[in-house]
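Me: Could we go through this model together? I would like to discuss strands, the ligand and the aromatic residues.

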Amino acid sequence: MIGKTETALIERLKTRKALFFVLLDPDSGTVESVVEAGLLAAKHGADALLLGGSFVGNPYFTRIATELKKGTDVPVILFPGGASQVIPGPDAILFTTLLSGRNPQYLIDEQVKGALLVKGLGMEAIPTAYLLVESGRMTAVEYISNTKPLPSDKPGIAAAHAVAAELLGLRWVYLEAGSGAQNPVPPEMVKMVRKATSLKLIVGGGLRKPEDVRDRVLAGADAIVVGNLFEKDRDPALFEAFATAVHTPN
Ligand code: 1GP
């Protein structure tokens with residue numbers, strides 16, 4: 001069943017070309033600094049805040065979610081690297097399966113471990129196929145998940161994975177180059193996945209300039225994720241430049 005947060009996101013797509021998601025890595029600073037970054041992003045154009053990482057070493061992770069929820073109405077969505085990151089507080093969870101990989105732990109095992117927690121918390125799940133795309137050098141996701149990314153110059157393989165996700169009943173697909181990726185997901189791949197499925201399409205990893213996001217939105221992305229960049233530069237004007245490039249790319 002499609003929940004409240006997902007419905008609101010889809011509704012929002014009627015008033016803008018794509019959605020701007022800001023990823024907050026709980027390990028990127030103190031509780032206060034991560035919350036501050038999130039609230040700033042929410043104030044300056046983010047449509048949702050994603051929270052999570054390949055692994056989380058911050059013991060106060062839950063407090064980050066609570067403080068964000070207190071400070072903004074922008075949805076806070078868990079984007080966990082595994083079942084251990086399922087915590088109370090966020091509005092929803094990107095319930096992902098690492099479909100590009102062939103490691104059962106991230107295809108189904110972590111999901112089984114987290115499923116009862118998600119249900120027990122009454123948390124809304126947004127079923128998402130997570131496709132890791134080769135991006136120049138090894139990323140944390142590739143290393144931690146022990147999976148091979150999809151070749152970046154073979155968009156047809158990514159499209160076949162997206163179609164499989166659609167036939168399995170998932171609703172969102174996330175084309176991921178990995179946080180801090182050297183090369184983001186190529187627009188040609190975004191275009192081919194867009195053509196192949198009607199899934200909601202998220203693109204992220206290594207997007208450093210408004211032009212980078214504009215190209216992916218024009219290629220068909222429904223949502224863009226930026227994380228790393230805002231860990232270094234929290235200028236409100238930078239958030240706004242990205243938000244404009246995502247919302248009105250033409
Ligand atoms: C990672 O796609 C996100 O999961 C964001 O990547 O940190 O490189 O912006 P960056």
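Me: What should I know about the model and the numbering before we start?

Reply: This is a predicted model, in which local features need pLDDT of at least 70, side-chain atom pairs count only at pLDDT 80 or more, and totals for chains, interfaces and linings use all residues. Residues are numbered from 1 along each chain as its sequence is written, and side-chain values use heavy atoms, with hydrogens and water left out.

Me: Is strand β1 mostly covered or mostly open?

Reply: Strand β1, residues 19-24, is mostly covered, with 6 of its 6 residues buried. Buried means under 20% relative accessible area, exposed over 50%, and partly exposed in between, with a 1.4 Å probe and protein chains only. Strands (E, at least two residues) and helices (H or I, at least four) are DSSP runs numbered from the N terminus.

Me: Which way do the β1 side chains point?

Reply: Leu 19, Phe 21 and Leu 23 point one way, while Phe 20, Val 22 and Leu 24 point the other way.

Me: Which strands are joined to β1?

Reply: Strand β8 (residues 223-226) runs parallel to β1 and is joined to it by 4 bridges; Phe 21 stands opposite Val 225 there. Strand β2 (residues 48-51) is also parallel to β1, again with 4 bridges, and Val 22 stands opposite Leu 49. Two strands pair if DSSP finds at least two bridges between them.

Me: What handedness does the unit of β1, helix α2 and β2 have?

Reply: With α2 spanning residues 31-43, that β-α-β unit is right-handed. A crossover is right-handed if, with the strands pointing away from the viewer, the path from the first strand over the helix to the second runs clockwise.

Me: And what else pairs with β8?

Reply: Strand β7 (residues 200-204) pairs with β8 in the parallel sense over 3 bridges, and Gly 204 has Val 225 as its bridge partner. The chain passes from β7 through helix α8 (residues 210-218) to β8 in a right-handed β-α-β crossover.

Me: Changing topic: how many residues surround the ligand?

Reply: There are 14, and the closest are Glu 176, Ser 179, Gly 180, Gly 227 and Asn 228. A residue is near a molecule if one of its heavy atoms lies within 4 Å of it.

Me: Which distances are given for oxygen atoms of the ligand?

Reply: An oxygen atom of the ligand is 2.4 Å from an N or O atom in the side chain of Glu 176. For polar backbone atoms, the distance from a ligand oxygen is 3.0 Å at Gly 205 and 2.8 Å at Gly 206. Taken alone, the ligand exposes 310 Å², of which the protein buries 96%; accessible areas come from the Shrake-Rupley method with a 1.4 Å probe, and for residues only the protein chains shown count as cover.

Me: How many aromatic pairs are there in the whole structure?

Reply: The search finds 6. Rings of Phe, Tyr and Trp (its six-membered ring) pair if their centres lie within 6.5 Å; planes under 30 degrees apart count as stacked, over 60 as edge-to-face and the rest as tilted.

Me: Why is the pair of Phe 230 and Phe 239 called stacked?

Reply: Their ring centres are 4.2 Å apart and their planes lie at 25°, so the pair counts as stacked. Phe 230 is buried at 3% relative accessibility, and Phe 239 is buried at 0%.

Me: What about Phe 230 and Phe 242?

Reply: Phe 230 and Phe 242 are edge-to-face, 5.5 Å centre to centre with 80° between the planes. Phe 230 lies in helix α9 (residues 228-232) and Phe 242 in helix α10 (residues 236-247), 12 residues apart.

Me: Which residues make up the aromatic cluster?

Reply: Phe 20, Phe 230, Phe 239 and Phe 242 form one cluster.

Conventions: A polar contact is a pair of N or O atoms within 3.5 Å; within protein, one must be able to donate a hydrogen and the other to accept it, and residues adjacent in sequence count only if both atoms are side-chain atoms.
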